[in-house]
Amino acid sequence: MSVQQRQQSRKLKSHTCRLVCYASLAVALLCTPLVSAAAQTDGLNSTAGSEGLGAAATDAAGYYPTNVAPAPEFAPGRNPYGNLKNVIVDWNLAAQQLGRTSGYDPPRLLSLVHLAQWRALQAAGGPTSNYSMSAVAGYAGHFVMAQVLPSNLKDYDVLLAAQLGNISAADATTAQTIATTAATLLLQNRTNDGTQRFIIVPIAQSGSPQGEYQYAPNQTYPRNQNKANATSYVIPFPLSQLNTTNMRPPAIPSPEFDADYAFTLAFGAINSTNRTAYETDTAKFWYDESTGNEGITAHYNNVALASLPANTSLYDTAHFFAIFNTAQFDGRIAYFTMKYDNLFWRPITAAYQLISSGNSSAGVTADPSWQPLLTTVPEPDYPSGHGVLSGVAEAVLRNWFGTDNVTFSMVSEYPALGVYPANGTTPLPSRNYTSFSSAAMETGISRVYAGIHFLHDVTDGRIVGNQVGDYVFDNFEAKWSGAPPTVASGGVVTA
């Protein structure tokens, strides 16, 4: 089936889903002179990253004492979720951990790390490279992490040294040069991607017209407004090209909004008698706000780690995670653009404002003390970011495997990281899934059970996420196999 036929089929499926829910890089880089890492880092953090690991006069393996044990989350050769273990997985888990502890945007960090690794491997000759692919990928991951988050440099150094093993100094130097050249070109390309902008958002005051976004109690700032209209990796702007022009929250008043409002107040209240114990655990299982800023992106990277077979090659692993995480980043751009375009209110605001007006809506008993099960995040409501990003993950995984029906198990990060729980905390039990779509749909409804979203937010979010994931999967190579696309100030890819 051609890309055009798949896209036409997906349009029909998206329309049906909504109705149901409502009722060549190698050439480009190898032609670039392979200059030294020092010369390539002009404009970057030249003090971050001990990229002399392979360039030293001694073997790289002797650069660090062999008795230096890495922190558990930076240990090489592990995968707590599945059987696939290689250098790409090592850096994926390291980047996830830094997303949790540093507050750095996980979709941006993971996309930079894995896109740099894939482009470096392409520059080294692709799947049939004569170079050490582990060394090339290791150096690329190390270089990006050291540039973006240099405070953990010693952890990256120990991890890279372990990955290089007994590679000769000459081979390590070659791998280093290929990797840092590719990574530098990518970082320079993404420096002005719009995610660093300061943007003032007009926030409605308490008592403003119904439907307008207001701060939830004890919140004084909106977050991630700089992601709106930032530069995507692959998806086009305006988003109307992804058929999202008809995506809007329900009008107020309307039967659709009344139904949404009634459901969230009934099932999302902290003291709900309608929500089952399993549904309460579902809200917590996918919450992903309690251990830092790792977010739903890291959780679905772990779904991928649980699903990819153990015999996946290093090159294919790099290729997959480059597509997967550029799609996650683009999904984040898409939903924040929509959030700050619509500026729709959160359930807690709707509850307080409608209850104070004497409107119990659709038979829900007015309760001026209504509270959601979990804390409302400080950003507009529509669409659900979890709905979008789980939909992105679903689409990329479905396309990669050629089927939706893949069985996997997954752990939660609530109340603490399931793999390394804090003392005195007990992670929720793992869950088993028979398809990517079943996990994505559960992720969406979890936000309603948490009391922080309406049904339209998550059903529309999944549709947008599927569109983003399908589009990135179909167009990734065309956009990124050659020289990096030009980035214009203000967040528009000019190609």
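A: Contact here means heavy atoms within 4.5 Å. Keep in mind that this is a predicted model.

Q: Fine. Leaving aside neighbours within four places in sequence, which residues is His386 in contact with?
A: With that exclusion, His386 contacts Trp286, Tyr287, Asp288, Glu289, Ile296, Thr443 and Arg447.

Q: Where is His386 found?
A: His386 belongs to helix α14, which covers residues 385-401.

Q: Is His386 buried or exposed?
A: Buried, because its relative accessibility is 6% and the cut-off for buried is under 20%.

Q: Switching to helix packing. At what angle do α5 and α8 pack?
A: At about 135°, with the axes 8 Å apart. Helix α5 runs over residues 106-123 and helix α8 over residues 169-190.

Q: Why are they called oblique to each other?
A: Because the angle is about 135°, and roughly antiparallel would need over 145, while roughly perpendicular covers 65 to 115. The pair is therefore oblique.

Q: And what hand does the crossing have?
A: Right-handed, as α5 passes α8.

Q: Which residues make the contact?
A: From α5, Arg108, Leu112, Leu115, Ala116, Arg119, Ala120 and Ala123. From α8, Ile178, Ala179, Ala182, Ala183, Leu186, Leu187 and Arg190.

Q: How many of those are nonpolar, polar and charged?
A: The contact of α5 with α8 has 11 nonpolar and three charged residues, and no polar ones.

Q: Next pair. How do α4 and α12 cross?
A: At roughly 35°, and their axes come within 8 Å. Helix α4 is residues 87-102 and helix α12 is residues 314-342.

Q: Which residues meet there?
A: Val87, Ile88, Val89 and Asn92 in α4 meet Leu314, Thr317, Ala318, Phe321 and Asn325 in α12.

Q: Last one, Ser134. What does Ser134 touch, not counting residues up to four places away in sequence?
A: Val87 and Leu314. Both are also in the contact of α4 with α12, Val87 in α4 and Leu314 in α12.

Q: Which helix is Ser134 found in?
A: Helix α6, residues 133-148. At 28% relative accessibility, Ser134 counts as partly exposed.

Q: How far apart are Ser134 and Gln117 in space?
A: They are 9.9 Å apart, C-alpha to C-alpha, and 17 residues apart in sequence.

Conventions: Residues numbered from 1 in each chain as written. Predicted model: local features only at pLDDT ≥ 70, side-chain atom pairs only at ≥ 80, totals over all residues. Heavy atoms only, no water. Helix = DSSP H or I, 4+ residues; strand = E, 2+ residues; numbered from the N terminus. Buried < 20%, exposed > 50% of the residue type's maximum accessible area, 1.4 Å probe, protein only. Axes fitted to C-alpha atoms, helices over the stretch in contact; angles between N-to-C directions. Parallel < 35°, antiparallel > 145°, perpendicular 65-115°, else oblique. Left-handed = near helix turned anticlockwise from the far one by under 90°. Nonpolar A, V, L, I, M, F, W, Y, C, P; charged D, E, K, R; others polar.
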